[in-house]
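Work through the exercises below with the sequence and the model open. Each task is followed by a solution in steps.

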Amino acid sequence: QILKIVKSIEDSKNLYYYFEKIDKKNDNTLIIKKEIKYINIFSEKENIVYNIEFSAKNFKLIFENKEILKCGHKIKEDYTILKQLGINPQNMMFDAEIAMYILNATSNSYSIEELARQYLEIDISDYIKEEQEEHQTSLFDIVEENISKANYMCALYAYVIGKTKQKLIDELIKIESLELFNEIEMPIAEVLAEMQYVGIYVDEKEIIKFGENLKQNIEELTIDIYNLAGEEFNINSTKQLGVILFEKLNLTPSKKTKSGYSTDVEALEKIKDSHPIIDKILEYRQLVKLNSTYVEGMIPYINLQTGRIHTFFHQTVTSTGRLSSTDPNLQNIPTRTELGKKLRKVFKAEDGKVFIDADYSQVELRILAHMAKDEVMIEAFNSDADIHTISASQVFKVPVEEVSKQLRSKAKAVNFGIVYGISEFGLAEQIDINRKEAKEYIEKYLETYHGIRDYMKNIVEETKQKGYVSTLFGRRRYIQELNSKNYMVRKFGDRAAMNTPIQGTAADIMKIAMIKVYNELKNRNLKSKIVLQIHDELLIETLLEEKEEVKEILKTSMENAAKLSVPLKVEVEEGKNWYQAK
């Protein structure tokens with residue numbers, strides 16, 4: 001039977017499949033803690049689903065055959081599991097989940113149930129009742145007799161994947177996003193699966209030592225806080241902290257909530273000059289979070305077999321196309337505090353290797369200049385001037401050479417804030433000025449960069465009419481919020497309309513760059529591997545003898561990922577650990 005199935009797959013050049021997996025939660029040697037039990041294969045020609053016990057030996061050739069298009073759901077996970085079995089998957093290039101995501105990036109479900117409901121108008125739960133005999137032939141024939149409920153459900157899933165593939169392709173063509181799917185999203189899925197498989201080495205002894213130092217600092221801070229408060233109390237209790245600050249020490253609260261005094265970071269930042277205890281509390285909180293989330297939270301993820309952390313990159317979570325990472329989230333390691341930065345020292349390149357870190361310089365501002373066709377900003381980028389100094393000079397009417405550090409940082413806040421549709425209130429908070437000044441700054445800025453002013457106005461109007469915005473590469477985001485009766489929801493819609501094309505295009509450019517780097521490393525038979533992506537930054541673990549070649553590949557691939565009216569610039573660093581390389 002296997003031979004017959006293999007022959008039919010080879011003839012049709014399509015494999016519509018769904019794995020039934022079992023959990024291997026306690027196996028800390030696996031990267032994906034699952035094992036494939038059965039494979040369900042849908043044959044379109046015969047309208048049959050084959051339910052077969054999976055063995056790597058029987059299916060290695062099929063999954064390694066470049067000629068056969070593999071069509072599945074959550075293919076990235078399948079890719080990594082197959083790698084664990086010694087199979088090197090090829091042409092895993094149709095993922096129904098990713099197709100659904102491109103068609104609607106703000107949906108809250110890309111499940112097979114949702115796929116069946118939307119594109120086949122069937123409710124899967126109707127077909128998996130206890131007494132299913134009468135249903136079994138209504139959608140497809142199944143080769144195995146008396147199979148379990150779980151098996152039958154997975155067979156149904158394989159059927160749905162096979163039946164919806166062409167429908168999804170037609171929909172992608174309709175919204176002009178098929179190229180985005182074929183050239184960016186599907187190739188990046190393989191890159192991300194390889195990155196997860198490779199992982200990043202973490203020095204466990206060093207992370208434990210880092211944690212011990214943190215705990216010592218937390219103890220010292222606790223004593224300082226008790227001394228300043230004049231008594232011991234639970235620092236982690238909002239209620240007790242409120243009583244100490246606003247009743248015992250008589251500080252003026254910056255805001256109150258229904259349940260009492262607000263002691264969140266924002267509220268404390270506003271009153272931090274009123275008493276030395278505030279700084280200590282803010283520092284205490286940072287250290288506690290650093291310890292619980294990034295020290296104690298990260299250790300369980302170190303793989304016993306590899307000594308590495310294999311973070312999971314998600315492609316279908318953000319509405320802008322940005323990648324996100326979980327188990328653990330390595331894109332979120334704090335970089336604002338020196339201590340947070342030092343945590344990066346525990347991520348190391350293996351012996352004989354080094355990290356190369358490449359970072360896009362001001363990529364979102366460059367995209368904004370290009371999309372807004374703003375001549376002043378385009379000129380600044382093309383003359384390789386410091387954009388924040390130039391902005392400060394033009395907005396505050398001061399000669400370039402007289403721009404102070406303070407003025408530059410104000411201009412920088414406006415530059416980056418504009419991309420996110422910052423309000424005068426938001427800017428005032430951020431750079432500690434009053435709202436009137438902030439309003440003037442924004443007005444002066446938009447007078448100077450009128451291309452940006454017009455772009456922002458037009459994009460919101462255009463989005464209201466079309467109902468969606470697009471990136472330069474055809475990624476759409478539907479923004480229903482613009483038509484809301486609620487003012488705050490509409491304002492969110494405005495910001496999303498302004499920001500999505502820019503942030504989404506930056507995400508697309510990074511994905512294109514990663515695909516270029518990945519293919520180049522492979523084509524040149526280099527052993528260096530991409531290990532992390534953090535929004536505008538790419539980290540590669542590189543053999544010392546490949547170092548210079550990899551730097552050249554990174555710079556060229558990233559700077560040529562897209563052709564804009566301004567150059568894309570990349571800064572490349574190296575180091576034995578992530579801290580040194582950044």
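**Exercise 1.** State the order of the strands in the open sheet, and explain why β5 and β6 each have a side without a neighbour.

Solution. The model is a predicted one. Its open sheet holds six strands with mixed pairing, in the order β5-β4-β1-β2-β3-β6. In this order, β5 and β6 (141–142) are at the edges; each has a single partner strand, so one side of each lacks a neighbour in the sheet.

**Exercise 2.** Find which strands helix α7 touches, and give its direction relative to β1.

Solution. Helix α7 covers residues 149–174 and packs on the sheet. The strands it touches are β1, β2 (34–43), β3 (48–53), β4, β5 and β6. The direction of α7 makes about 145° with that of β1.

**Exercise 3.** Describe how β4 is joined to β1 and to β5, and trace the chain from β4 to β5.

Solution. Start with β1 (residues 14–23): three bridges join it to β4, and the two run parallel. Here Y16 stands opposite C71 of β4. Next, two bridges join β4 to β5 (residues 94–95), again running parallel. In this pair G72 stands opposite D95 of β5. From β4 the chain passes through helix α3 (residues 75–84) to β5, a right-handed β-α-β crossover.

**Exercise 4.** Are the residues on the two faces of β4 buried or exposed?

Solution. In a regular strand, side chains alternate between the two faces of the sheet. For β4 (residues 69–72), L69 and C71 lie on one side, K70 and G72 on the other. All four are buried, so both faces are covered.

Terms used
Residues numbered from 1 in each chain as written. Predicted model: local features only at pLDDT ≥ 70, side-chain atom pairs only at ≥ 80, totals over all residues. Heavy atoms only, no water. Buried < 20%, exposed > 50% of the residue type's maximum accessible area, 1.4 Å probe, protein only. Pairing = 2+ DSSP bridges. Right-handed = clockwise from strand over helix to strand, strands pointing away. Contact = heavy atoms within 4.5 Å. Axes fitted to C-alpha atoms, helices over the stretch in contact; angles between N-to-C directions.
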